[in-house]
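Have the viewer open while you read.

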Amino acid sequence: DSVELSYMFWVVYGINASMRIIPSNILSAIGKVGVNTFVTIVSCLIHFVMDYYFISHYGIYGVAIASMFVYIVSGLIYWVYLWRIYRKGDYDNHCF
């Protein structure tokens with residue numbers, strides 16, 4: 001039971017590392033810290049609500065499900081925003 005749960009959380013960690021950490025660091029490096037703050041606050045609120053719901057229905061596995069969903073959605077938001085900045089050219093040329 002705990003091994004299966006551990007695998008789920010390793011997958012969640014991999015999603016977080018691949019989808020959120022890279023674009024959030026790039027956004028910070030080019031001075032778009034406000035975007036990180038906004039996405040983090042909204043993600044935290046959504047995560048809290050989803051944890052409450054999923055824990056009551058799926059137990060501890062609900063935390064992994066909620067985390068995976070929040071990390072994927074917030075990661076997509078980061079990448080889309082970063083892509084829009086790149087396409088618009090709203091950065092210093094030495095950043096990319």
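## The big picture

What share of the 96 residues in the protein is buried? Buried residues come to 33%, where buried means under 20% relative accessible area, exposed means over 50%, and partly exposed is in between (1.4 Å probe, protein chains only). Keep in mind that this is a predicted model, so local features need pLDDT of at least 70 and side-chain atom pairs count only at pLDDT 80 or more, while totals for chains, interfaces and linings use all residues. Residues are numbered from 1 along each chain as its sequence is written, and side-chain values use heavy atoms, with hydrogens and water left out.

As for the fold, there are three helices and zero strands, giving the pattern α-α-α along the sequence. Helices (H or I, at least four residues) and strands (E, at least two) are DSSP runs, numbered from the N terminus. The C-alpha trace spans about 50 × 25 × 15 Å along its principal axes. Of the contacts (heavy atoms within 4.5 Å) with a separation of 6 or more, 71% are between residues 24 or more positions apart.

## How confident is the model?

The pLDDT score is the predictor's confidence in each residue, from 0 to 100. Its mean for the protein is 88, with 92% of the residues at 70 or more. Among the elements, helix 2 has the highest mean (94), and helix 1 (residues 2-29) has the lowest (88).

## What's packed inside

The largest nonpolar core has seven residues: Leu27, Ile30, Val35, Val39, Tyr78, Leu82 and Ile85. Helix 2 and helix 3 each put at least two residues into this core, and helix 3 gives the most, with three. A second, separate core has five residues, among them Val12, Ile15, Met19 and Tyr71. For the record, a nonpolar core is a set of buried Ala, Val, Leu, Ile, Met, Phe, Trp, Tyr and Cys residues joined through side-chain atoms within 4.5 Å.

In soluble globular proteins, nonpolar side chains tend to be buried together.

The protein exposes about 6,500 Å², and carbon and sulfur atoms supply 68% of that. Accessible areas come from the Shrake-Rupley method with a 1.4 Å probe; for residues, only the protein chains shown count as cover.

Phe38, Val42, Ile46, Phe69, Val73 and Ile77 make a nonpolar surface patch of about 520 Å². Helix 2 (33-58) and helix 3 (60-88) each supply at least two of its residues. Val42, in helix 2, is partly exposed at 31% relative accessible area.

Phe9 sits in helix 1 and is partly exposed, with a relative accessible area of 31%. Not counting residues up to four places away in sequence, Phe9 touches Ile60, Val63 and Ala64. Phe9 and Met68 are 59 residues apart in sequence, yet their C-alpha atoms are 8.7 Å apart.

Phe48, in helix 2, is exposed, with a relative accessible area of 62%. Its C-alpha is 9.7 Å from that of Val63, 15 residues away along the chain.

Methods. Patch = residues over 30% accessible without salt bridge, like charges linked within 9 Å, V, L, I, M, F, W, Y side chains within 5 Å. Salt bridge = Lys/Arg side-chain N within 4 Å of Asp/Glu carboxyl O.
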